[in-house]
Amino acid sequence: MNPYILAILLFGLGLGTTITFASSHWLLAWMGLEMNTLAIIPLMAQHHHPRAVEATTKYFLTQAAAAATLLFASITNAWLTGQWEIQQISHPLPATMITLALALKIGLAPLHAWLPEVLQGLDLTTGLILSTWQKLAPFALILQIQPSNSTLLIILGITSTLIGGWGGLNQTQLRKILAYSSIAHLGWMILVLQFSPSITLLTLLTYFIMTFSTFLVFKLNKATNINTLATSWTKAPALTALTPLILLSLGGLPPLTGFMPKWLILQELTKQGLAPTATLAALTALLSLYFYLRLSYAMTLTISPNNLTGTTPWRLPSTQLTYPLAISTAMTTCLLPLTPAISALLTP
């Protein structure tokens, strides 16, 4: 892609998110979300592969439906209460509709079905943008309207952690596994949102760091399914030794960074008298942990194939920049001891 066009599209992505962040009026927030969607669509379809075009079309239709529902709900709210302010959602009907529209935007279960399909059709770089940056703007809106519908958020959160864990069990495609991982992590964030927004932000931040590391590892290895992971020993042995730590951190295993948000969320839910919800969420984390273990096993404990077609890609040296990967890998594995400092910084 032409660098000027790429710069304009990335600027559009940033501007759309910033407009939504800065808005207090529903129409302005809706415009920011639309700019966001329109800026990422050319990035998704840039390879002109039928699968990429299909994924782009699915994404466009889903986001258009979510944006239309959001606009309809905000107009309904203005009609019922005379308010266009984002934080003035007092009527339960528009509040529920807006929450469901934003859940569809970010891919929360049971409105998640588009996410694995869309992510599977994209290359890893665009998939990374979709899994991280595109979640920011809708999340900012959910954060502002969250006191109005507590039961709905808990139902969405538990359903997402359950489906995110269950859906990834039988997958062999890495991008689909990462999509289900995203659904499960979003479920954890939504669960604790109304009780402690600072823990939600911390979870979102650690999820971004861990996902960034994972996508970069797969991009470096040019891996798109579980079988191709077995050839990574000969491409980058040191990175292959570190990757299970990244994957297990995503699964939330102590003493890695991914354990921090889960620990704080379970603690907060128990404080709020939701021990059954916390127990169910902890059990769903085991499902996710299983498929991360499966990836780790395929990558480090299986013998790589030695036929000619398998040998060829091993010999190609990578020209990728590895500084971002080194920084994010260190953060993905080592941030747990800093939990008290980080949570103190995020607490208002």
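This is a predicted model: local features need pLDDT of at least 70, side-chain atom pairs count only at pLDDT 80 or more; totals for chains, interfaces and linings use all residues.

Analyst: We can start with Thr37, which counts as buried because its relative accessibility is 5%, and the cut-off for buried is under 20%.

User: Where does Thr37 sit?

Analyst: Thr37 is in helix H2, which covers residues 26-44.

User: And what is Thr37 in contact with, leaving aside neighbours within four places in sequence?

Analyst: With those set aside, Thr37 touches Tyr59, Gln63, Lys105 and Gln134.

User: OK, new topic. Which residues form the nonpolar patch on the surface?

Analyst: Met1, Ile5, Leu6 and Leu10 do, and together they have about 330 Å² of accessible area. Leu10 belongs to helix H1, residues 3-22.

User: How does Leu10 count in terms of accessibility?

Analyst: Leu10 has 41% relative accessibility, so it counts as partly exposed.

User: At what angle do H1 and H7 pack?

Analyst: About 5°, with the axes 9 Å apart; H7 is the helix of residues 136-145. H1 is therefore roughly parallel to H7. Thr17, Thr20 and Phe21 of H1 make the contact with Leu136, Ala137, Ala140 and Leu141 of H7.

User: What about H7 and H10, are they roughly parallel or antiparallel?

Analyst: Roughly antiparallel, because angles over 145 degrees count that way. H7 and H10 (residues 197-221) pack at about 170°, and their axes are 12 Å apart.

User: Which residues meet there?

Analyst: On the H7 side, Leu136, Phe139 and Leu143; on the H10 side, Pro197, Thr200, Leu201, Leu204 and Phe208.

Notes:
Residues are numbered from 1 along each chain as its sequence is written. Side-chain values use heavy atoms; hydrogens and water are left out. Patches are made of residues with over 30% relative accessible area and no salt bridge: like charges are joined within 9 Å, nonpolar side chains (Val, Leu, Ile, Met, Phe, Trp, Tyr) within 5 Å. Accessible areas come from the Shrake-Rupley method with a 1.4 Å probe; for residues, only the protein chains shown count as cover. A salt bridge is a side-chain nitrogen of Lys or Arg within 4 Å of a carboxyl oxygen of Asp or Glu. Helices (H or I, at least four residues) and strands (E, at least two) are DSSP runs, numbered from the N terminus. Buried means under 20% relative accessible area, exposed over 50%, partly exposed in between (1.4 Å probe, protein chains only). Contact means heavy atoms within 4.5 Å. Axes are lines fitted to C-alpha atoms, for helices over the stretch in contact, and angles run from 0 to 180 degrees between N-to-C directions. Angles under 35 degrees count as roughly parallel, over 145 as roughly antiparallel, 65 to 115 as roughly perpendicular and the rest as oblique.
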